[in-house]
Every structure is written in C-alpha cells, then in structure tokens.
Amino acid sequence: LADSKAQVETIVMRLANLVAKCDGQTMPEESVALHTLQRDIDMALHPANPKSTLAPIGNASSEGPSAMAYQQQASEDAGKTTEAESPADRERRLQAAMKELESLIGLQSVKDRVRSYANFLRLQQQRKDAGLATMPISLHMTFIGNPGTGKTTVARIVGQILGALGTLPSGHVIETDRSGLVAEYAGQTAPKTNKLCDSAKGGVLFIDEAYSLVDASGDDAYGREAIQTLLKRMEDDRGSMAVIL
C-alpha cells in the first residue's frame, strides 16, 4: 500500500462520510469525529509538523454539520510548514504530487489537463521571479463527473501542486458541501460561508455536490445567499484561495 496512500486515504474518508451520513444528516459530534480522523491521517502520512495540535474552533453545535473542528489550526500549521520549505523541498512535493496523479487509473484527459496547468503556473511563477509581466490567473475550477470517478482525489492533488509551485502559500484542502455553507436560520449563512473561506485561505476550498447549493425549484434564499457570499470571496481572494466545485 506504500504507493497507494492517497487512494487509501480517499477510500477511508469516503467510507467514514458514508457512515456519518447514512441517516440523512451529519450531527456536530460526527463532523468533529470526521475531521479528527482526517487530521490524524494527514499527520500520519505527512508528519511535517509533529507538534500540531487539534484545536477546537468555536461551539461545534452552532457550526453546523460540516464544522471544521481543527481547520484554523491546520491552516496555520500548513502556512508555517510552507514558509520553512526550501526550493528542493517544493520540487519534491511537486514531483510526489505528479507521481500520485500518474498513479490514478484512467483519467488520461484529466492528467493531461492538470500537467498542462501545472506547467503554465510554473512558467508564470518563473516570470514573476524574474520581474517579468505575468498573465492574470484564475485558480477556481469546476470538476464534473459521476460519484467515485476521483474528483476529490484530483482536488487534493491540485492543492498539493498549487502549494508546491508557490502559487498558493500552503495548498491545504478544506472539503465541505451544502451543509457547511448554508445555515439553518436567517442571517447565519453569510458568516458561516465567510468563516469557511477564511479557513481555506492559502489553499483550496473543495465544495462537494455544489449543484445542491440551490434546490431545483430555485426558491432557496439561503442557498442564494451562500452563493453570493462565495462569489464575492472568490473575487476578493482570487490570488490566495482556489475554489473547486
């Protein structure tokens, strides 16, 4: 399994999410357990900062089903780790991410697209370092595909690539869905969405099942509020955060 760590991690987390959501909802304590598991896996596979701690953020019961119990501390730790990385370390991270991408079964067109994108970003970074003009870059993306086709796995790899290239400070990935963005009561959705975006700064905000943010009828004020808030943050933080739908 040594060469399949990413795939095993994805399978474990997908199974854990299925178990947590099997009754149709994710309770706050289940959300904390999920993200604690993700944190433990990250620390086991990437022990770059052995002093990292699990720091609860706010009141889990008020955060909603996708509350990230450790997200702010994880972001800070990721930032500190990235600052200490040498160019050689970054290159090793990049090569490891590309190797992980190549190890995926199939998805040849996706692999070609990600490689081309990584080369473009590397060139832009080299031009920036040399004091030359660069093209404006949008880091936001949309992944389309059936369940189980590797969207989450590729999103994590893209985060690693963006962090290794220096396009984003850390490249950490915050995963959420509608329940992590849309609140249950009026006036709570925008602060909830903004808090999640804050935790993703420097990395990637991956929104699973983004099509569910607004229901089919279109009469969903809370969902529209989440999208409006998200769009503003995508514009304001375009250089420091990538949103993958």
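Colleague: What is the order of elements from the N terminus on?

Modeller: This is a predicted model. Its elements run α-α-α-α-α-α-α-β-α-α-β-α-β. The protein has 10 helices and 3 strands.

Colleague: What makes Lys 111 and Val 114 of H6 count as buried?

Modeller: Buried means under 20% relative accessible area. Lys 111 and Val 114 are buried in H6, and so are Ala 118, Leu 121 and Gln 124. Across the protein, 41% of the 245 residues count as buried.

Colleague: What covers the buried residues of H6?

Modeller: The cover includes helix H5 (87–103) and helix H7 (151–165).

Colleague: How do you know what span to expect for H6?

Modeller: The expected span is 1.5 Å times one less than the number of residues. H6 covers residues 108–129, which is 22 residues. The expected value is 32 Å, and the first and last C-alpha atoms of H6 are 32 Å apart. After H6 comes Gly 131, with a positive phi near 80°.

Colleague: How do you know that the span of H1 agrees with expectation?

Modeller: Helix H1 (residues 5–20) has 16 residues, so at 1.5 Å a residue it should span 22 Å. Its end C-alpha atoms are 22 Å apart, which agrees.

Colleague: Why are the buried residues of H1 said to line one face?

Modeller: They are Ala 6, Glu 9, Thr 10, Met 13, Ala 16 and Ala 20. Seen down the axis of H1, they fall within an arc of 135°, so they line one face. On the other side, Ile 11, Leu 15, Leu 18 and Val 19 are exposed.

Colleague: Which residues lie nearest the centre of the second largest pocket?

Modeller: Val 110, Arg 113, Val 114, Thr 142 and Phe 143 do, out of 19 lining residues. The volume of this pocket is about 430 Å³.

Colleague: What makes a residue part of that lining, and which helix supplies the largest share?

Modeller: A lining residue has an atom within 4 Å of a pocket point. H6 supplies the largest share, 5 residues. H6 and H7 each give at least two.

Terms used. Residues numbered from 1 in each chain as written. Predicted model: local features only at pLDDT ≥ 70, side-chain atom pairs only at ≥ 80, totals over all residues. Heavy atoms only, no water. Helix = DSSP H or I, 4+ residues; strand = E, 2+ residues; numbered from the N terminus. Buried < 20%, exposed > 50% of the residue type's maximum accessible area, 1.4 Å probe, protein only. Contact = heavy atoms within 4.5 Å. Arc of directions from axis to C-beta. 1 Å grid on protein atoms, 1.4 Å probe; cavity = no way out; pocket = protein on both sides within 12 Å on 5 of 7 lines; lining within 4 Å. Points joined across faces, edges and corners; volume = space filled by probe spheres on them.
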